[in-house]
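Here is a short note for a colleague opening this entry for the first time. Please keep the sequence and the 3D view at hand while reading the points.

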Amino acid sequence: MIYMLDLFGVFVFAVSGALAAGRKRMDLFGVVVIAVVTALGGGTLRDLVLGAQPVFWITDHKYILVAAAAALLTFVLARRRKPPYKLLLIADAFGLAIFTIIGTEKALSLGTTRIIAILMGMMTGVVGGMVRDILSGEIPLVLRREIYATASLCGAATFVGLGLVCHNRDICIFAAVVMTLALRLAAIKWDLSLPTFTSREDTNGKR
Amino acid sequence: MIYMLDLFGVFVFAVSGALAAGRKRMDLFGVVVIAVVTALGGGTLRDLVLGAQPVFWITDHKYILVAAAAALLTFVLARRRKPPYKLLLIADAFGLAIFTIIGTEKALSLGTTRIIAILMGMMTGVVGGMVRDILSGEIPLVLRREIYATASLCGAATFVGLGLVCHNRDICIFAAVVMTLALRLAAIKWDLSLPTFTSREDTNGKR
Amino acid sequence: MIYMLDLFGVFVFAVSGALAAGRKRMDLFGVVVIAVVTALGGGTLRDLVLGAQPVFWITDHKYILVAAAAALLTFVLARRRKPPYKLLLIADAFGLAIFTIIGTEKALSLGTTRIIAILMGMMTGVVGGMVRDILSGEIPLVLRREIYATASLCGAATFVGLGLVCHNRDICIFAAVVMTLALRLAAIKWDLSLPTFTSREDTNGKR
């Protein structure tokens with residue numbers, strides 16, 4: 001069940017990566033690379049940092065194959081018809097919620113402390129998109145606006161915090177997914193964002 | 001023999017990195033860093049992902065020294081006289097072919113499956129140039145046009161595929177090098193490239 | 001003592017990262033991420049390459065917490081009042097000196113050769129700032145001008161070289177810090193830099 005959701009997350013993230021690559025007029029190879037990196041980048045960095053090597057997609061081909069298939073499918077279909085943007089955002093929010101929980105759980109199972117597990121959950125959800133943006137020559141969107149990483153952080157904290165009092169893993173997973181999704185979808189709907197840093201030079205003369 | 005070719009590949013990739021750094025008006029340190037990263041980046045990521053640590057250049061100094069020497073030599077010589085561009089492209093194609101085989105073979109020797117070994121071969125050949133471009137503030141060229149990674153992919157697949165039926169390692173290596181070189185040199189000569197992604201917004205109104 | 005200095009280096013580097021993120025108008029999350037990456041990126045890559053996993057900040061929370069606290073403090077305070085630039089540069093030079101020695105020593109304690117230990121010291125000091133610049137959409141400053149990495153390299157070489165003849169660790173550390181600081185502060189004061197690469201196309205027609 002979790003495994004199927006994981007592959008769904010890989011698929012959705014790969015589609016988002018392929019679309020971003022398409023906007024930059026990359027060729028077929030570039031589209032596939034960006035898609036794979038977006039889908040697997042977060043988990044790869046998590047595994048490297050935790051020393052869980054070889055990284056997860058070396059021993060299970062399905063991850064690479066699903067990501068590459070999603071990229072090819074996007075390449076073929078999106079040439080004809082642009083996918084509905086709202087649907088993609090919602091699917092991406094699901095992917096974020098799933099990756100967050102899987103990352104948190106993997107870190108816990110490797111014996112890290114709770115704080116590190118929460119960070120690893122967020123890293124699993126967020127880093128792929130950051131590498132996608134860097135490879136596309138952009139400043140990572142997630143660093144600039146929108147509540148995205150924050151939703152992931154709260155989801156991971158919910159999962160870990162609830163795990164202290166409730167030993168039913170399914171309930172913990174469900175609550176964490178709901179928390180991440182609720183925050184992320186609310187942020188999309190009402191365009192919520194964190195405060196930005198305005199240094200003195202920008203407000204010169206105002207006070 | 002393979003080891004000498006490997007150092008030749010390091011040398012050629014370092015020269016290409018140093019020239020790219022020079023175009024961006026980097027200082028001597030920047031030129032050396034970009035050269036070393038271009039030459040050793042692919043193999044480093046391969047070793048990290050496979051868990052073959054410490055990475056190869058930690059235990060054998062020659063890699064770092066050859067790359068740094070190539071950068072210094074380029075720094076001194078290219079100030080006077082630009083190297084012939086065609087010669088560089090051909091040398092780079094050789095480097096790509098060599099790195100591809102070495103990466104594929106290392107992955108196989110670490111017990112990965114054949115699919116992963118092919119990917120690792122391509123990663124060894126291609127990632128150094130991608131990091132070079134990112135450090136230079138460019139979208140990686142290899143993602144945008146030209147048959148470069150594709151040549152590496154076909155070379156690695158040839159090596160692995162032929163290995164199934166032919167147990168003479170030298171023949172497999174020779175065939176894989178010829179495959180990579182032929183594709184890459186053909187792409188240079190006739191300016192071949194993969195199709196690019198054109199999303200609907202770009203063809204608006206046409207159909 | 002060294003441990004306290006290490007945390008001081010983390011604090012200073014995190015502040016420099018947070019200020020850089022602020023100039024790019026990132027949101028609160030982006031500021032914290034850039035700060036943490038600037039402070040911990042060099043040591044993380046060092047540990048990955050050497051195979052010293054899990055990386056240092058997984059097992060000791062203080063690093064992440066100090067870096068995040070420095071980012072939040074900078075976020076709150078720098079909105080009101082810009083920190084004195086000169087003071088920051090000097091604090092950063094101290095951080096560079098400390099990170100260089102810690103990186104060199106860690107590599108030696110893991111049994112690397114002296115050349116690799118010097119490189120690891122420089123990597124520990126320099127890579128965080130490079131990733132900060134890449135995430136901010138800039139070509140890393142350290143590759144382009146100013147004697148920064150060179151100061152780190154000379155400090156690491158002093159530490160390793162002196163260690164051959166002098167077995168008092170404190171004296172080696174002191175000498176290496178003085179060497180790094182002296183070079184770096186001299187570079188700041190007199191605006192010293194390494195030669196840059198000028199390829200023939202730029203000097204066309206001159207000779």
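1. Start with helix H4 of chain C. Its buried residues are Tyr63(C), Val66(C), Ala67(C), Ala70(C), Ala71(C), Thr74(C) and Phe75(C). Keep in mind that this is a predicted model.

2. What covers these buried residues of H4(C)? Among the covering elements are helix H1 (2-23), helix H2 (28-50) and helix H3 (56-59), which belong to chain C.

3. The length of H4(C) can be checked. The helix runs over residues 62-78, which is 17 residues. At 1.5 Å a residue it should span 24 Å. Its end C-alpha atoms are 23 Å apart, so the two values agree.

4. H1(C) passes a similar check. Its 22 residues should span 32 Å at 1.5 Å a residue, and the end C-alpha atoms are 32 Å apart, which agrees. After H1(C) comes Arg25(C), which has a positive phi near 55 degrees.

5. Now take Ala14(C). Leaving out residues up to four places away in sequence, Ala14(C) touches Ala35(C), Val36(C), Thr38(C), Ala39(C), Ala67(C), Ala70(C) and Ala71(C). Ala67(C), Ala70(C) and Ala71(C) are among the buried residues of H4(C).

6. The largest nonpolar core has 225 residues.

7. How are chains A and B related? The copies use different surfaces, as 8% of the contact residues of chain B recur in chain A.

8. Next, the contact between these two chains. Chain B gives 25 residues and chain A gives 29 residues. On the side of chain B that touches chain A, the elements giving two or more residues are helix H2 (28-50), helix H6 (114-135) and helix H7 (149-165) of chain B. By class, this side of chain B holds 13 nonpolar, eight polar and four charged residues.

9. Chains A and C can be treated in turn. Chain A is superposed on chain C by a rotation of 120 degrees with 0.0 Å of shift along its axis, at an RMSD of 0.0 Å. Here too the copies use different surfaces: 8% of the contact residues of chain A recur in chain C.

10. In this contact, 25 residues of chain A meet 29 residues of chain C. Helix H2 (28-50), helix H6 (114-135) and helix H7 (149-165) of chain A each give two or more residues to the side that touches chain C. That side of chain A has 13 nonpolar, eight polar and four charged residues.

11. Look at the loops for cis peptide bonds. One joins Gln53(B) to Pro54(B), with omega near -5 degrees. Pro54(B) sits in the loop between H2 and helix H3 (56-59) of chain B. Another joins Gln53(C) and Pro54(C), with omega about -5 degrees. Pro54(C) sits in the loop between H2 and H3 of chain C.

12. Last, is Val165(C) buried or exposed? Val165(C) lies in helix H7 (residues 149-165) of chain C. Val165(C) has 7 C-beta neighbours inside 10 Å, so it counts as exposed. From Val165(C) to Ile34(C) is 131 residues in sequence and 40 Å in space, C-alpha to C-alpha.

How values were computed: Residues are numbered from 1 along each chain as its sequence is written. Chains are lettered from A and ligands numbered from 1 in the order in which they are written. This is a predicted model: local features need pLDDT of at least 70, side-chain atom pairs count only at pLDDT 80 or more; totals for chains, interfaces and linings use all residues. A nonpolar core is a set of buried Ala, Val, Leu, Ile, Met, Phe, Trp, Tyr and Cys residues joined through C-beta atoms within 7 Å. A residue is buried if 20 or more other C-beta atoms lie within 10 Å of its own, exposed if 12 or fewer, and partly exposed in between; C-beta atoms are placed from the backbone. Two residues are in contact if their C-beta atoms, placed from the backbone, lie within 7 Å. Helices (H or I, at least four residues) and strands (E, at least two) are DSSP runs, numbered from the N terminus. Ala, Val, Leu, Ile, Met, Phe, Trp, Tyr, Cys and Pro count as nonpolar, Asp, Glu, Lys and Arg as charged, and the others, Gly among them, as polar. Copies are superposed by least squares on the C-alpha atoms of residues with pLDDT of at least 70 in both. The expected span of a helix is 1.5 Å times one less than its number of residues.
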